[in-house]
Amino acid sequence: MSDFPTTARVVIIGGGAVGASSLYHLAKAGWSDCVLLEKNELTAGSTWHAAGNCPSFSTSWAVMNMQRYSLELYRGLADEVDYPMNYHVTGSIRLAHSKERMQEFERACSMGIYQGMDLKMMTNAEMQEIYPFLETHDLVGGMYDPDDGDIDPAQLTQALAKGARNMGARIERFCPATGVSRENGEWIVHTPKGDIRCEYVVNAAGYYAQRVGEWFKPYGGRTVPMAVMSHQYFLTEEIPAIKEWCEGTGKRKLPLLRDVDSSYYLRQEKYGLNLGPYERNCKAHWITPDDPMPEDFSFQLYPDDLERLEWYIEDAMARVPLLGEGGVGRNINGPIPYAPDGLPLIGPMPGVPNAFEACVFTFGITQGGGAGKVLAEWITEGQTEWDMWAVDPRRYTDYTDQQYCIDKAMEIYGHEYGMHFPQKEWPAGRDRKLSPVDAKVREMGGQMGAYNGWERANWFAKDGDDTSLEATETWGREGPWEPRIREEVEAVRDGVGVLDLPGFSRFDLEGEGAAEFLRGRIAGALPKVGRMNLAYFADDRGRILTEMSVIRRGEDAFTLITAASAQWHDFEVLDRVLPDGLTLTDRTKEFSTLIVTGPKSRDLFVQIGTDADLSLGWLTHQEAIVAGKPCKLARVSFAGELGWEIHARMEHIPALYDAVLDAGAVPFGMYALNSMRIEKGYRAWKGDLSTDYSLLEGGLERFVKLDKPQDFPGKAAIQNEKQQGRKKAFVSMIVDANGADAPYMSTVWADGKIVGETTSGAWGYRVGASVALGMVAPELAEPGTELEVDIYGQKCRAVVQPDGPIWDPENARLRA
């Protein structure tokens with residue numbers, strides 16, 4: 001007991017693969033004064049019963065980066081730490097039953113090639129060549145990942161633990177954390193063996209993460225958004241034909257097989273097979289009073305429930321008839337945690353100082369190595385090499401009640417390999433936050449999408465339009481929405497449109513010195529009183545942390561408006577460095593916004609009655625009465641036309657919306673707005689604006705004032721980059737797209753090489769062309785340069801446009 005550590009720099013709660021990887025990477029970064037606490041033996045949670053599959057495939061750029069790193073780490077880990085591991089790199093085949101699935105594979109292949117992986121598209125004949133037991137008569141093709149395989153999860157965890165110990169880190173087994181408290185800016189982690197004082201604490205508690213998360217609520221925390229699913233896989237007995245094939249070919253294993261359209265994986269285990277379905281008729285556990293979460297479920301399993309798997313077993317036997325030759329050897333049915341989108345939580349714990357999360361991993365083995373790297377970077381550097389918003393815990397806010405988490409976990413599990421089409425809005429967990437005019441919007445045909453839990457119309461359907469979920473299952477532009485988006489854009493271009501936009505993140509910053517505080521945080525200048533502008537926040541590397549609209553109400557009084565999804569992230573950007581004497585208040589739920597825009601918008605305001613001065617120029621704001629209701633009018637338009645945003649209290653929105661509609665405004669949706677903002681080259685957060693790019697790379701130099709006296713974050717890095725030259729340059733491109741527009745992270749090619757990536761794309765109805773925004777090598781950013789954009793496997797000609805908006809490059813319509 002006497003050598004129990006009473007102090008540490010970091011305490012990690014949870015001894016699975018992710019906790020061990022976090023400890024290993026912290027020690028590797030030179031932070032060896034760290035302690036991992038595990039209430040049982042290492043790997044006692046989801047890790048011990050994990051199948052241990054190691055795909056690099058993902059359609060998320062961030063997750064693919066993380067998984068790629070993991071596999072690179074695992075290949076050399078056994079030798080590095082001198083701990084033997086069963087790691088079989090067998091390669092894997094993903095099967096496609098449809099053209100749409102092949103398009104998804106093409107996109108992932110292109111991303112993988114960009115990251116240095118050797119993903120390949122395959123024909124049926126090529127798949128049969130390396131997997132001779134496969135039935136391919138009803139397949140369209142497939143994709144091959146040579147780096148995929150499987151690893152022993154327990155050996156992996158022990159190897160990471162040994163590596164961490166070798167570098168001086170501590171692991172306390174059979175030592176549960178029982179709670180936390182905070183004193184003088186330090187955390188105190190309580191255990192039966194004594195307390196540990198530390199600077200940082202990490203929740204890596206796997207399927208117990210929600211229970212651990214409750215300890216942090218008194219310090220600003222929230223309930224961890226997650227549910228626990230029952231996942232089964234079963235192992236067959238030995239199958240003679242597999243043994244014969246291995247011995248005959250000299251190969252140790254068949255490639256891992258994933259029938260993603262039927263929703264299962266099938267891999268060789270010794271000389272038998274391991275079948276792991278993600279069944280539609282899935283089951284969540286520990287969600288009802290009669291099924292409470294036990295205090296300790298270490299090394300335990302749920303009872304077998306093979307009836308749920310019957311369809312999948314039969315389907316897999318038809319795909320690989322050999323499966324029917326092996327009797328069931330053993331069934332594994334264990335708990336696996338799910339966040340509402342199926343991706344883990346890695347990064348700062350929302351609302352809590354010096355606390356982090358590395359938990360709720362559905363694929364913790366293949367993601368564990370990368371997760372440890374990312375978590376260690378967050379703690380030791382305050383930022384990560386890759387933009388990790390896809391897994392940032394702050395991507396969820398206050399709408400994730402437990403029923404939402406259960407409903408989404410069931411939906412995601414049952415569609416684990418589901419294709420996330422650009423127009424598909426998944427139905428579970430909806431209607432958490434509604435605009436005051438939500439019913440009216442739907443009555444007019446609004447087809448809704450969720451934005452940080454807020455329901456907004458994506459497009460407006462007319463009688464006879466197909467609004468089924470099935471109609472959205474395409475990567476293409478064409479669909480029932482397409483003629484409606486065109487009509488909505490034309491209404492804004494030629495007359496006036498209105499968009500109901502609830503959920504803008506909105507903060508009031510006030511107090512003596514507020515202006516000087518902001519000057520020290522943003523890269524550019526502040527607007528004058530009565531005016532507004534865009535402000536960019538950089539991290540220490542000069543990369544784009546976030547963008548906010550700054551409305552200056554007084555010398556030291558500001559309203560900051562930012563993306564709906566950025567609510568908790570951007571609040572913390574300010575709150576964590578807020579000086580004493582200043583107040584930062586979140587007003588997101590108190591106000592909503594109507595965008596009224598188009599060449600006839602000024603006439604509309606005159607018609608409905610207002611005391612506003614409608615001659616005030618672009619980027620001004622004023623308090624006004626409109627249609628008898630008090631509001632703020634801001635002279636801006638994300639659509640790039642003459643227009644105003646009406647910012648009003650929730651209770652005044654219905655009357656304002658009715659007045660605007662009665663005066664002839666055409667309702668439009670988010671898809672039309674997205675098309676119009678891309679034509680203007682306006683950036684969207686976490687697509688075009690992310691920490692993967694510097695402010696200079698993002699083409700935002702006009703928002704940077706290097707000559708101001710304030711030493712804002714990233715200033716030195718931006719000065720250095722200005723001297724050395726940027727590595728990428730932001731461009732707008734006109735693309736000869738064939739039926740589909742460029743999604744995020746489509747690769748850009750020149751002379752047979754990848755030279756950049758798209759950050760967003762859409763059809764521009766005002767310019768009559770497909771437009772893509774993206775990043776390319778600086779020498780290729782010259783207007784007129786011809787490139788190619790890979791859109792779902794088709795290389796499409798793209799021409800770089802002059803710097804500035806493609807639509808109305810002089811901004812004459814905006815300033816009218």
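The crossing of helices H13 and H18 is right-handed. This is a predicted model, and its chain is assigned four stretches of structure labelled domain 1, domain 2, domain 3 and domain 4. The second largest pocket lies between domain 1 and domain 3, because both give residues to its lining. A search of the whole structure also finds one cavity of 30 Å³ or more.

**Helix packing**
- H13 covers residues 481–494, and H18 covers residues 670–679.
- The axes of H13 and H18 are 9 Å apart, and the packing angle is about 60 degrees.
- H13 and H18 are therefore oblique to each other.
- A further pair is H3 (residues 61–81) and H6 (residues 153–166).
- The axes of H3 and H6 come within 10 Å and cross at roughly 55 degrees.
- H3 and H6 are therefore oblique to each other as well.
- H3 passes H6 in a left-handed crossing, whereas the crossing of H13 and H18 is right-handed.

**Domain layout**
- Domain 1 is built from 1–88, 148–226 and 339–397.
- Between the C-alpha centres of domain 1 and domain 2 the distance is 45 Å.

**Second largest pocket**
- The second largest pocket holds about 760 Å³ of space.
- Its lining has 31 residues, and those closest to the pocket centre are Trp378, Gly382, Gln383, Arg394 and Leu545.
- Three elements each supply at least two lining residues: helix H10 (364–381), strand E24 (532–538) and helix H15 (567–575).
- By residue class, the lining of this pocket has 14 nonpolar, six polar and 11 charged residues.
- Domain 1 (1–88 + 148–226 + 339–397) and domain 3 (505–586) both contribute to the lining, so the pocket sits between these two domains.

**Largest cavity**
- The largest cavity has a volume of about 40 Å³.
- Val441, Met448, Arg456, Ala457, Phe460, Leu499, Asp500, Tyr657 and Phe668 line the largest cavity.
- Strand E21 (454–460) and strand E22 (497–501) each give at least two residues to this lining.
- E21 provides the largest share, with three residues.
- The cavity lining divides into seven nonpolar and two charged residues, with no polar ones.

Methods
Residues are numbered from 1 along each chain as its sequence is written. This is a predicted model: local features need pLDDT of at least 70, side-chain atom pairs count only at pLDDT 80 or more; totals for chains, interfaces and linings use all residues. Side-chain values use heavy atoms; hydrogens and water are left out. Domain bounds come from an automatic or database domain assignment. On a 1 Å grid over the protein atoms alone, a cavity is a set of points where a 1.4 Å probe fits but cannot get out, and a pocket is an open set with protein on both sides within 12 Å along at least five of seven lines; lining residues have an atom within 4 Å of a point. Grid points are joined across faces, edges and corners, and a volume is the space filled by probe spheres set on the points. Helices (H or I, at least four residues) and strands (E, at least two) are DSSP runs, numbered from the N terminus. Ala, Val, Leu, Ile, Met, Phe, Trp, Tyr, Cys and Pro count as nonpolar, Asp, Glu, Lys and Arg as charged, and the others, Gly among them, as polar. Axes are lines fitted to C-alpha atoms, for helices over the stretch in contact, and angles run from 0 to 180 degrees between N-to-C directions. Angles under 35 degrees count as roughly parallel, over 145 as roughly antiparallel, 65 to 115 as roughly perpendicular and the rest as oblique. A crossing is left-handed if the near helix is turned anticlockwise from the far one by less than a right angle, and right-handed if clockwise.
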